[in-house]
Amino acid sequence: MAMACGGAIAVLDLAAFRLAYPAFATNPSDAALQAYFALAGEVWLRNDGTGRVKSVPLQTQLMYMLLAHVTQLFSGPDGTTPSAVVGRLSNTSEGSVSVALEYESTQNSAWFTQTPYGAAFWAATASFRSFPSYLSGPTRFGNGIGRRNRGCSGAF
């Protein structure tokens, strides 16, 4: 069981999300959005009260950006077929049609920058990715001085 450390927890308001992100006004289903929201809160942004985001409104906006990103990747905007293309469009041509995509697997932001929503999330969370305060481990003297609960820090 995770220990609550003052992090914010966002609750999905489907009507508010669909209003803020009109590309998903009618599709996918509410059940699909709820599943994507739960996935986003488990995998990409802690939404269990143990994350680094302390503001509920900010946590909600970040979760909505992530939800829009995941929804566009998995379901496509408003029921259109999602693109099977992975990566950022880096070059195009018109005669005899040519498209070049770029996906740097070593770049942490690559997965996020596939959609405008993911890119916005990546930019908005930059301050949470900066080096956190020092996490001390057990001291060599064994007294535990300076130890912190590791469950309350780390990923945002």
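This is a predicted model: local features need pLDDT of at least 70, side-chain atom pairs count only at pLDDT 80 or more; totals for chains, interfaces and linings use all residues.
User: How do you know that the length of H3 fits a helix?

Analyst: Helices are DSSP runs of H or I with at least four residues, strands are runs of E with at least two, and both are numbered from the N terminus. The expected span is 1.5 Å times one less than the number of residues. For the 19 residues of H3 (residues 56-74) that should give 27 Å, and the end C-alpha atoms are 26 Å apart, so the two agree.

User: And what makes Ser-55 a cap for H3?

Analyst: A side-chain oxygen of Ser-55 lies 3.2 Å from the backbone nitrogen of Leu-58, at the N-terminal end of H3. A polar contact is a pair of N or O atoms within 3.5 Å; within protein, one must be able to donate a hydrogen and the other to accept it, and residues adjacent in sequence count only if both atoms are side-chain atoms. Another such contact joins the side chains of Thr-50 and Asp-48, at 2.5 Å.

User: Where is Thr-50, and why is it called buried?

Analyst: Thr-50 sits in the loop between H2 and H3. Buried means under 20% relative accessible area, exposed means over 50%, and partly exposed is in between (1.4 Å probe, protein chains only). Thr-50 has 3%, so it is buried. Phe-121, in helix H4, is at 0% and therefore counts as buried as well. The C-alpha atoms of Phe-121 and Ala-68 are 9.9 Å apart, although 53 residues separate the two along the chain.

User: What makes the pair of Asp-30 and Arg-18 a salt bridge?

Analyst: The term needs a side-chain nitrogen of Lys or Arg within 4 Å of a carboxyl oxygen of Asp or Glu. The closest N and O atoms of Asp-30 and Arg-18 are 2.8 Å apart, and the pair forms a salt bridge. It links distant parts of the chain, with Asp-30 in helix H2 (residues 30-43) and Arg-18 in helix H1 (residues 14-20), 12 residues apart. By this rule the count is 1 salt bridge. Asp-30, at 38%, is partly exposed, whereas Arg-18, at 13%, is buried.

User: Why does Phe-74 qualify for a nonpolar surface patch?

Analyst: Patches use residues with over 30% relative accessible area and no salt bridge; like charges are joined within 9 Å and nonpolar side chains (Val, Leu, Ile, Met, Phe, Trp, Tyr) within 5 Å. Phe-74 lies in helix H3 and has 41%, so it is partly exposed. Together with Leu-39 and Val-43, Phe-74 makes a patch of about 250 Å², areas being Shrake-Rupley values with a 1.4 Å probe and, for residues, only the protein chains shown as cover.

User: How many helices and strands are there, and in what order do they run?

Analyst: There are 5 helices and 2 strands, running α-α-α-β-β-α-α from the N terminus.

Methods: Residues are numbered from 1 along each chain as its sequence is written. Side-chain values use heavy atoms; hydrogens and water are left out.
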